[in-house]
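I would like to learn how to read its features one by one.

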Amino acid sequence: MIKCIRLLGAWLFLGHQVVQAQEVSVVKWKEIQNILSQSSDTTYIVNFWATWCKPCVAELPHFEEVQKNYKDRNVKVIMVSMDFAKDLTARVIPFVSQHQLTGKVWLLNEPDANNWINKISTEWSGAIPATLIVNNQKKKKVFFEQKLDYDRLVKELSDFL
Amino acid sequence: MKKRFWAPFIITLTLGTLVSAALRPERTQTPPAGYPIGGTVADFKLKNVDGSVISLSNYKDKKGVIVVFTSNHCPFSKVYEERIIGLDKKYAAQGFPVLAINSNDAGDYEENSFDNMKKRAQEKGYSFPYLQDETQAVAKAFGATRTPHVFILRNDGSKFTVQYIGTIDDNYQDPAGVTKRYVEDAVSNILMGKPVVVTQTKAVGCAIGWKDA
């Protein structure tokens, strides 16, 4: 019986993940701003990527892994796609389900990037991949315009937890 | 005896180099500093898709040059391609042509090989040179980090100085939705002998992958 419930639980969990994997929200800057200005003790890892960017795609599994291993420690990973909004259904959604991404994926539809790049970090030239780690309650923020891997992410997160 | 005298120095030097290398912060993709606004651009010489070799000094009779670091593979470069061709059409006749440079490692994206650059320039009828920066030395000297990344150079007589660094306009997705034409505004001002108003902008682009990273 317990095994049965466990299986059911696993099935529901996986089922939920599959549903999540197919969801990509198209967002405006306001949504990113909300993350940057939230005051809870949540550490957000915001990664800027795109389906056509090889180094970005290569580091996706590392972010997935962090998200799975740190979800009980107030860490939230948001993968912000810089793909064009017109490519959402033909390209981004199929990519996300093909790669079985279970984390939160947003497509930021704000083509006037000059208006918001410096708000992410003045260190950012605009090249991707790029990653911001922020926790407002702890008043901590760190930014990378480079590839990151699991070990590096864990190392950086240790300062936030 | 002579050898023994030098040995400690050599060991110290070697150790020093090793230690400083080990202490260097691990930021392999640190964007190069590059030229500041107003900075003088060093001459460079690169291979063009037509087989010729082009150097900046070839442009000494021009009023300036719109240097665009671009690439074959990057979607941002692709959506801006027509606009880059348009810039050359508009300003080459006024003595302010486009000079396109591809500094990407063809090992990262085969689309950026010299052969593919040639094809691209032919297919799209580039009216300007499309240079390969194989060693990436030019991108590093400029501080180019992404494609497309524009540097507007003004010919000050004996030297070229950087007057604008950034993006072409404020809407990569839709040319019809553009409200600010940063490059056109900058070039127009230079042609009128006025200072450039917006000298630096940022845009999302494909990172130039460094070969030694």
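**Reading the two chains**

Q: Where is B:Pro148 found?
A: B:Pro148 is found in the loop between β6 (146-147) and β7 of chain B. Helices (H or I, at least four residues) and strands (E, at least two) are DSSP runs, numbered from the N terminus. The peptide bond from B:Thr147 to B:Pro148 is cis, with omega near -10 degrees.

Q: What should I know about the model and its numbering?
A: This is a predicted model: local features need pLDDT of at least 70, side-chain atom pairs count only at pLDDT 80 or more, and totals for chains, interfaces and linings use all residues. Residues are numbered from 1 along each chain as its sequence is written, while chains are lettered from A and ligands numbered from 1 in the order in which they are written.

Q: Which peptide bond is cis in chain A, at A:Pro129?
A: Most residues other than glycine have a negative phi, and most peptide bonds are trans. A cis peptide bond joins A:Ile128 and A:Pro129, with omega about 10 degrees. A:Pro129 lies in the loop between β5 and β6 (130-135) of chain A.

Q: What is the phi of A:Gln100, and what is that of A:Lys139?
A: A:Gln100 is not a glycine, yet its phi is positive, about 50 degrees. It sits in the loop between α4 (88-98) and β4 (104-108) of chain A. A:Lys139 is not a glycine either, and has a positive phi of about 50 degrees. Its place is the loop between β6 and β7 (140-144) of chain A.

Q: Are these two residues buried or exposed?
A: Count neighbours. A residue is buried if 20 or more other C-beta atoms lie within 10 Å of its own, exposed if 12 or fewer, and partly exposed in between; C-beta atoms are placed from the backbone. A:Gln100 is exposed, with 11 other C-beta atoms within 10 Å. A:Lys139 is exposed, with 7.

Q: How many helices and strands does chain B have?
A: Chain B has 5 helices and 9 strands. Along the sequence they run α-β-β-β-α-β-α-β-α-β-β-β-α-β. Of the 213 residues in chain B, 37% are buried.

Q: Which way do the residues of β3(B) point?
A: B:Gly64, B:Ile66 and B:Val68 point one way, B:Val65, B:Val67 and B:Phe69 the other way. Strand β3 (residues 64-69) of chain B has 6 of its 6 residues buried.

Q: Which strands pair with β3(B)?
A: Two strands pair if DSSP finds at least two bridges between them. β3(B) pairs with strand β7 (residues 149-155) of chain B in the antiparallel sense, over 6 bridges. There, B:Gly64 stands opposite B:Arg154. β3(B) also pairs with strand β4 (residues 98-102) of chain B, in the parallel sense over 4 bridges. B:Val67 has B:Leu99 as its bridge partner in β4(B).

Q: How many residues does each chain bring to the contact?
A: Two residues are in contact if their C-beta atoms, placed from the backbone, lie within 7 Å. Chain A gives 20 residues and chain B gives 22. On chain A, α3 (54-69), α5 (117-120) and β5 (127-128) each supply at least two residues of the side that touches chain B.

Q: Which strands pair between the chains?
A: β5(A) pairs with strand β9 (residues 205-207) of chain B, in the parallel sense over 2 bridges. A:Ala127 stands opposite B:Gly205 in β9(B).
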